[in-house]
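Take a look at the structure below. The report that follows goes through its helices and its core.

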Amino acid sequence: REVNASRLVAWREAIQKTSAEKITYTDLLVKLTALALRKFSRLNASWQNENIVLNSEINIGLAVAIEEGLVVPVIHRADEKTLAELASRRTELVVRAKAGKLSLDDLSAGTFSISNLGMYGVREFAAIINPPQSGILALGAAEQRPVVRDGAVVIRTLMTCTLSADHRTVDGAVGAQFLSAFRSVLEKPLELFA
């Protein structure tokens with residue numbers, strides 16, 4: 001799903017002026033994903049022992065590339081953290097991942113994951129689910145593109161979001177509803193904090 005990321009970009013620019021912590025797009029996207037997951041428990045579920053297990057916490061795994069491959073450290077209770085707390089935890093996890101010093105707790109209890117390749121200029125891709133999780137959101141670069149609005153070509157900052165979901169726990173219609181909810185929070189992020 002393509003989303004208009006113009007307000008996300010403006011939100012980050014505004015936050016950077018007032019925050020002591022460096023807030024990245026990933027931090028904002030983790031927060032928005034966690035808030036959207038509150039409404040879609042099936043995407044925050046796990047497939048375990050041939051059963052659907054609804055998770056009580058929203059623990060977001062972040063795909064991090066290191067020399068040895070890919071690791072997915074987890075930000076526990078991401079929906080309850082402030083942006084500064086998310087940024088601090090993300091920084092800590094990425095530094096430890098690159099140093100090969102992640103603990104078992106850092107890698108455990110993920111309930112949903114995000115893979116953000118926007119910083120590499122990747123426009124869109126499909127990410128692989130981390131079992132036993134039910135889904136992963138692949139996020140491409142936020143870039144200016146021409147779009148048609150009201151019969152005129154205008155420039156908008158767009159981002160492509162691709163959801164991979166485990167059909168044992170969630171069907172395509174629920175996945176589409178989640179993407180619509182995620183689009184809504186991404187296109188109007190400040191309304192969540194009003």
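## Phe178 and the ground rules

Phe178 sits in helix H5. Helices (H or I, at least four residues) and strands (E, at least two) are DSSP runs, numbered from the N terminus. This is a predicted model, in which local features need pLDDT of at least 70, side-chain atom pairs count only at pLDDT 80 or more, and totals for chains, interfaces and linings use all residues. Residues are numbered from 1 along each chain as its sequence is written, and side-chain values use heavy atoms, with hydrogens and water left out.

Is Phe178 buried or exposed? Phe178 is buried, with a relative accessible area of 0%. Buried means under 20% relative accessible area, exposed over 50%, and partly exposed in between (1.4 Å probe, protein chains only). Leaving aside neighbours within four places in sequence, Phe178 is in contact with Thr33, Ala36, Leu37, Phe40, Leu43, Phe112, Leu137 and Leu163. Contact means heavy atoms within 4.5 Å. Leu117 is 61 residues from Phe178 in sequence, and their C-alpha atoms are 20 Å apart in space.

## The nonpolar core

A nonpolar core is a set of buried Ala, Val, Leu, Ile, Met, Phe, Trp, Tyr and Cys residues joined through side-chain atoms within 4.5 Å. The largest one here has 43 residues. Those with the most contacts inside it are Ile60, Leu137, Phe178, Phe182 and Leu186. Which helix gives the most to this core? Helix H2 (residues 25–37) does, with seven residues.

Phe182 touches Leu29, Leu32, Thr33, Ala36, Leu137, Leu139 and Cys161, not counting residues up to four places away in sequence.

## H2 against H5

The axes of H2 and H5 (residues 172–187) come within 9 Å and cross at roughly 130°. Axes are lines fitted to C-alpha atoms, for helices over the stretch in contact, and angles run from 0 to 180 degrees between N-to-C directions. H2 is therefore oblique to H5. Angles under 35 degrees count as roughly parallel, over 145 as roughly antiparallel, 65 to 115 as roughly perpendicular and the rest as oblique.

The crossing of H2 and H5 is right-handed. A crossing is left-handed if the near helix is turned anticlockwise from the far one by less than a right angle, and right-handed if clockwise. From H2, Leu29, Leu32, Thr33, Ala36 and Leu37 meet Phe178, Phe182, Val185 and Leu186 in H5. This contact has eight nonpolar residues, one polar and no charged. Ala, Val, Leu, Ile, Met, Phe, Trp, Tyr, Cys and Pro count as nonpolar, Asp, Glu, Lys and Arg as charged, and the others, Gly among them, as polar.

## H2 against H3

The axes of H2 and helix H3 (residues 83–98) come within 9 Å and cross at roughly 120°. The two helices, H2 and H3, are therefore oblique to each other. Their crossing is right-handed.

Here Thr26, Asp27, Leu28, Val30 and Lys31 of H2 meet Leu83, Leu86, Ala87 and Arg90 of H3. By class, this contact has five nonpolar residues, one polar and three charged.

## H1 against H2

Helix H1 (residues 6–18) and H2 have axes that come within 10 Å and cross at roughly 115°. H1 passes H2 in a right-handed crossing. Leu8, Val9, Trp11, Arg12 and Ile15 of H1 make the contact with Tyr25, Leu28, Leu29 and Leu32 of H2. Eight of the contact residues are nonpolar, none polar and one charged.

## A buried loop residue

Thr169 lies in the loop between strand E11 (152–165) and H5. Thr169 is buried, with a relative accessible area of 2%. Not counting residues up to four places away in sequence, Thr169 touches Arg42, Ser46, Trp47, Ile52 and Ser134.
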